[in-house]
Amino acid sequence: MAALRVSAKPTTLSKSISRSMATEAPARDLTRSANTQSLVQSWNPVSTVPVTVHSFPSLEPTSLEQWSVQHLYLPLRRDILHHAITFEGDNTRQGTASSKTRYEVHGSHRKVRPQKGSGRARLGTRQSPVLRGGGKTFGPKPRDFGTKLNRKVYDKAWRTALSYRYRRGELIICEDGMELALPPDFEMLADKYMRDGLRETYLQKYMTGVLRTLGLGRADGRTLFVTGDPRERLYEAMEQVPWEGRALDVEDVDVKDLLETGKVVMERSVLKEMIERHQSDLITRIAVGGLAKSAPSTGQVVL
């Protein structure tokens, strides 16, 4: 019975093993939270990038402009560029290869020889695919190799290619009217005395010297010149030195052309036209609060 006796004296727990039932949180560092809040409020990402406009062919700076980062400072997306170049290549293929089947080959469809009695292999008509001059069993036929690509993806690929050139310092913007200035002596003697290939030889040597002086020649990876309108002298000179680069009209340029050569030289109006054509992913017709999202401005002059 003594073992079953309960003591009336209450027992007390030591302070070392006692704890509160409420969750205890550490004291808040007011100084750290204030610094974080100030950093968040002061965070202002860059929205524009500077673009220097040069004169041609001296490439001397003439003005400074601001362009949106959505136009000339997009991150490199190899997947989008690959889709765009594949799309352009597929839609460029002619798909005109064609061959005749045995039913389209001209000639008599009479049996070549009797089925039996000749001791040779049995043959049907001369249009048989096993005979020379016969039809093709599974030959090519004209077809369309074109593929589809979302317009917004293709437009972003254009701006990604321009941004890639800009970030590497390989995009040179010049004033409108980019034309090659030839020496006065050439203009006087070209029509009368420069014949039998002398004109082409002179243009070849002159253009090679100009490109090497400006650092735009073959040693620097060739150069693509893009103009808004055909420039007779520039185009004629570049045709004589295809190993140094080429000159194209804005209507003939695609994403692949922007990535092929070492540098790209284009007029300011050409850059603006490219951006305005390929910014569908930046514009929406959905109005939020009565306002629709518009595209960033292009080319604000600073200096």
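Reader: What share of the contacts in the protein chain with a separation of 6 or more comes from residues 24 or more positions apart?

Author: This is a predicted model, in which local features need pLDDT of at least 70, side-chain atom pairs count only at pLDDT 80 or more, and totals for chains, interfaces and linings use all residues. Residues are numbered from 1 along each chain as its sequence is written, and side-chain values use heavy atoms, with hydrogens and water left out. Contact means heavy atoms within 4.5 Å. Among the contacts with a separation of 6 or more, the share belonging to residues 24 or more positions apart is 67%.

Reader: How many helices and strands does the secondary structure of the protein chain have?

Author: Helices (H or I, at least four residues) and strands (E, at least two) are DSSP runs, numbered from the N terminus. Counted in this way, the protein chain comes to nine helices and nine strands.

Reader: What percentage of the residues of the protein chain count as buried?

Author: The accessible surface of the chain, from the Shrake-Rupley method with a 1.4 Å probe and, for residues, only the protein chains shown as cover, comes to about 21000 Å², of which 53% belongs to carbon and sulfur atoms. A residue is buried under 20% relative accessible area, exposed over 50% and partly exposed in between, with a 1.4 Å probe and protein chains only. Of the 303 residues, the part that counts as buried is 33%.

Reader: Are α3 and α4 roughly parallel or roughly perpendicular to each other?

Author: The axes of helix α3 (residues 78-92) and helix α4 (residues 151-167) come within 9 Å and cross at roughly 110°, where axes are lines fitted to C-alpha atoms, for helices over the stretch in contact, and angles run from 0 to 180 degrees between N-to-C directions. Angles under 35 degrees count as roughly parallel, over 145 as roughly antiparallel, 65 to 115 as roughly perpendicular and the rest as oblique. The two helices α3 and α4 are therefore roughly perpendicular.

Reader: How do the residues of the contact of α3 with α4 divide into nonpolar, polar and charged?

Author: The passage of α3 by α4 is a left-handed crossing, meaning that the near helix is turned anticlockwise from the far one by less than a right angle, whereas clockwise would be right-handed. Ile80, Leu81, Ala84, Phe87 and Glu88 of α3 meet Val153, Tyr154, Lys156, Ala157, Trp158, Thr160 and Ala161 of α4. With Ala, Val, Leu, Ile, Met, Phe, Trp, Tyr, Cys and Pro taken as nonpolar, Asp, Glu, Lys and Arg as charged, and the others, Gly among them, as polar, the residues of this contact are nine nonpolar, one polar and two charged.

Reader: Which residues of α9 make the contact with α4?

Author: Helices α4 and α9 (268-277) pack at an angle of about 150°, with their axes 9 Å apart. That angle makes α4 roughly antiparallel to α9, and their crossing is left-handed. From α4 the contact takes Arg151, Asp155, Trp158, Arg159 and Leu162, and from α9 it takes Leu271, Met274, Ile275 and Arg277.

Reader: Leaving aside its neighbours within four places in sequence, with which residues is Asp281 in contact?

Author: Asp281 is found in the loop between α9 and β7 (287-288), and at 24% relative accessibility Asp281 counts as partly exposed. Although Asp281 and Val153 are 128 residues apart in sequence, their C-alpha atoms are 7.8 Å apart in space. Apart from neighbours within four places, the contacts of Asp281 are Lys152, Asp155, Lys156 and Arg159.

Reader: Against which elements do the buried residues of α7 pack?

Author: The buried residues of helix α7 (residues 232-240) are Leu234, Tyr235, Glu236, Ala237, Met238 and Gln240. Helix α7 packs with α6 at an angle of about 90°, their axes being 8 Å apart, and that makes α6 roughly perpendicular to α7. The buried residues of α7 pack against α6 (198-214), β4 (223-227) and β5 (245-249).

Reader: Is Leu59 buried or exposed?

Author: Leu59 has its place in the loop between β1 and β2, and that loop, between β1 (48-54) and β2 (61-68), also holds Pro57. A cis peptide bond joins Phe56 and Pro57, with omega about 10°, while Leu59 has a positive phi of about 60° although it is not a glycine. At 18% relative accessibility, Leu59 counts as buried.

Reader: What is the relative accessible area of Arg222?

Author: Arg222 lies in the loop between α6 and β4, and its phi is near 70°, a positive value in a residue other than glycine. Arg222 is partly exposed, with a relative accessible area of 27%.
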